[in-house]
Amino acid sequence: MYQRILIATDGSELSGKAVDYGIALAKRLDVPVTAVTVTESWSVLELGRMARQGNQNPITQFEEMATAAATNILEKVKQTANSQGVTCDVVHVQDQHPAEGIIAAAKDKGCDLIVMASHGRRGIDRVLLGSQANEVLTHSKVPALIVR
């Protein structure tokens with residue numbers, strides 16, 4: 001069936017459900033997982049706010065904060081997987097749109113299933129913010145399992 005499962009997470013409570021589901025599935029199938037989190041490029045608005053707060057190098061600070069957050073998120077997934085007896089490697093994709101980073105990580109790591117959460121936005125929020133899960137479903141050649 002599946003040989004390697006990619007679990008996408010942003011560290012939210014809802015993505016935690018996808019993490020738990022993906023790890024449980026991997027354990028049942030006796031396959032390894034790769035956990036991925038994606039951080040987008042810095043935004044001019046965010047850097048402007050940081051500069052107004054007196055930060056001398058807001059780009060460096062943003063990148064350090066993003067890396068620290070990603071490391072924290074991924075380490076929790078790895079610990080959870082290891083506690084369940086599931087082999088887990090982690091990937092932090094930087095400076096990329098989340099759906100694109102998830103799809104690229106699945107391809108790069110040879111994953112044959114993507115497990116991720118849908119935040120379930122509706123109406124104008126979905127139109128304005130888009131849906132990473134929908135983009136992955138639309139553009140990925142790798143099957144995706146969406147957890148709610």
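Predicted model: local features only at pLDDT ≥ 70, side-chain atom pairs only at ≥ 80, totals over all residues.
The largest cavity has a volume of about 50 Å³, where a cavity is a set of points, on a 1 Å grid over the protein atoms alone, at which a 1.4 Å probe fits but cannot get out, and a volume is the space filled by probe spheres set on the points, which are joined across faces, edges and corners. Residues are numbered from 1 along each chain as its sequence is written, and side-chain values use heavy atoms, with hydrogens and water left out.

By this rule the count comes to 1 cavity of 30 Å³ or more. Lining the largest cavity, with an atom within 4 Å of a point, are Thr-39, Glu-40, Phe-62, Glu-63, Ala-66, Gln-94 and Asp-95. Its largest share, 3 residues, comes from α3, helices being DSSP runs of H or I, at least four residues, numbered from the N terminus.

Turning to the second largest pocket, about 180 Å³ of space lies there, and a pocket is an open set with protein on both sides within 12 Å along at least five of seven lines. The elements that give two or more residues to its lining are α1 (13-29) and α3 (58-83), and α3 gives the most, with 5 residues. Among the lining residues are Ser-15, Asp-20, Asn-72 and Lys-76.
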